[in-house]
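This briefing looks at how two parts of one protein meet. Please keep the sequence and the structure in view while reading.

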Amino acid sequence: MVAKPAGIPEEIKHYINGEFVDSASGERFDILEPTTNSNYLTAPLGGQEEANAAVAAAKEAFDEGTWANMLPRARWKILNAIADEVEKINDELAQIESFDTGLPIRQARGQANRAAENFRFFADLIVANEDKAFSMPGRQLNYVNRKPHGVAILITPWNTPFMQESWKLAPALASGATVVLKPAEFTPVSASLWPGIMERAGVPKGVFNIVYGDGQTGDMLVTHPDAPLVSFTGSLATGKKIFERSAPYMKHLSLELGGKSPAIIFADADFEAALDSTLFGVFSLNGERCTASSRLLVERPIYDRFVEAYAERAKKIVVGPPSDPTSEIAALVHPEHYEKVTKYIEIGKSEGRLVAGGGRPAHLPEGNYVEATVFADVAPDARIFQEEIFGPVVAITPFDTEEEAIKLANDVEYGLAAYVWTNDIARAHNVSHQIESGMVWINSHNVRDLRTPFGGVKGSGLGHEGGYRSLDFYSVQQAIHVTLGEVHTTRFGATGYADNDLGLGGPSA
């Protein structure tokens with residue numbers, strides 16, 4: 001096994017009500033290092049007792065009101081202190097994330113800074129936040145009273161886990177909610193850094209809690225009656241289960257469930273820019289990203305040229321150890337996921353023309369390594385066209401007309417992201433408007449603006465987060481109506497009132 005980075009903890013425990021605790025059952029699960037798949041650490045497997053304790057702690061902290069009722073500027077100060085603490089561990093976090101997830105170290109760097117920016121953004125947002133008032137002069141004043149909703153269950157994925165956790169933690173805490181975080185089972189290590197960060201930043205006891213575990217642990221949290229909010233990022237299959245399991249409790253849900261995102265490349269596009277961007281868009285982060293441009297729809301006049309250039313570049317992508325700064329693709333996160341991706345590659349060999357990759361790099365005989373894999377001439381009913389692979393695999397398909405491109409883009413179960421490449425500005429907008437996706441980038445890969453909504457349609461999820469939409473999710477927006485003058489009320493049960501009191505418009509009796 002490769003040497004562990006210095007920041008890896010010796011032991012991982014749940015963090016509940018400001019205390020580190022083991023599972024009552026004593027059960028633990030293995031954490032694997034993806035370049036050798038050897039076990040290097042264990043984490044406690046949360047059960048019903050831990051789920052109950054964590055939610056109870058969060059509910060008590062919420063009901064007590066210190067956090068929920070804190071002035072926005074006071075929460076702003078603590079959120080910025082969290083950001084300060086996160087920034088201090090940037091180098092340490094990069095080493096941990098790369099070791100634990102298999103992410104190339106060059107892509108793991110900066111994750112802490114991105115996480116810190118999430119906290120600073122939402123700190124500023126709650127201070128600047130305003131809600132509308134509606135005046136009816138002399139009659140009524142109506143305004144919105146925004147208040148935190150309660151305990152939020154945050155279930156996060158295993159790709160860039162620390163940064164993904166910050167996407168949920170920052171708006172939840174900014175809104176005044178209290179939280180129970182359940183990190184992904186494959187990659188729980190960097191989450192163990194959060195308790196120290198929260199304590200040093202001054203987050204009150206019980207406001208932030210962590211329970212580690214598997215899908216059953218998540219189910220115990222999702223179905224807890226005292227937690228009205230669930231924010232989940234993960235697979236469509238799990239999202240459907242959460243939707244079903246939450247229904248009896250009328251939970252408020254935010255579900256981001258992956259994608260099979262198209263990139264439509266018209267013949268008039270900047271060829272080299274489209275090539276660079278779509279290569280990065282699917283092969284960065286080992287292809288383990290929900291917004292990956294994993295379906296390339298290329299207009300026929302440039303199709304052959306594009307496939308040839310794309311395959312040539314893909315063959316040169318450096319696959320190597322996560323710790324090597326020259327690696328562009330490193331090890332997939334876990335042997336279970338490696339098996340899934342390689343099965344799809346075998347399926348793809350009968351569904352398309354393999355033009356690059358397709359196997360394990362010869363110089364890496366062990367670990368979860370896969371070459372950058374490119375299939376051309378893929379039919380729209382192929383599994384590698386329809387199903388999310390979540391690895392370094394791309395399908396390329398030609399189209400002849402704008403209408404065909406839109407149909408191909410929409411003809412999948414998912415609808416998270418899309419990318420349109422053209423120098424025709426009218427076509428860029430018109431095509432984007434017809435794509436069934438929550439987000440579209442024109443002449444770019446996925447470049448995030450934290451103010452904009454993030455989320456999908458169809459099988460890609462339910463609800464949107466990002467900017468004020470995140471605050472909306474974690475808040476109750478209560479309409480308050482204040483009477484300013486005499487209110488005309490029809491006097492039911494009284495005698496001697498006029499017909500027009502009933503709104504009949506007739507003469508007085």
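K240 forms a salt bridge with E413, and the closest N and O atoms of this pair are 3.5 Å apart; a salt bridge here is a side-chain nitrogen of Lys or Arg within 4 Å of a carboxyl oxygen of Asp or Glu. The model is predicted, so to speak of local features a pLDDT of at least 70 is needed, while side-chain atom pairs count only at pLDDT 80 or more, and totals for chains, interfaces and linings use all residues. Residues are numbered from 1 along each chain as its sequence is written, and side-chain values use heavy atoms, with hydrogens and water left out.

**The two domains**
- The domain assignment, which is automatic or from a database, gives domain 1 (14-24 + 39-258 + 462-474) and domain 2 (262-442).
- The centres of domain 1 and domain 2, taken over C-alpha atoms, are separated by 31 Å.
- To their contact (heavy atoms within 4.5 Å), domain 1 brings 19 residues and domain 2 brings 27 residues.

**Buried area**
- Domain 1 and domain 2 bury about 1800 Å² between them, 61% of it on carbon and sulfur atoms, where buried area is the accessible area (1.4 Å probe) that two parts lose on being put together, summed over both.
- W158, F186 and G258 supply 30% of the area that domain 1 buries against domain 2, more than any other three residues.

**Pairs across the interface**
- The rule finds one salt bridge across the interface of domain 1 and domain 2.
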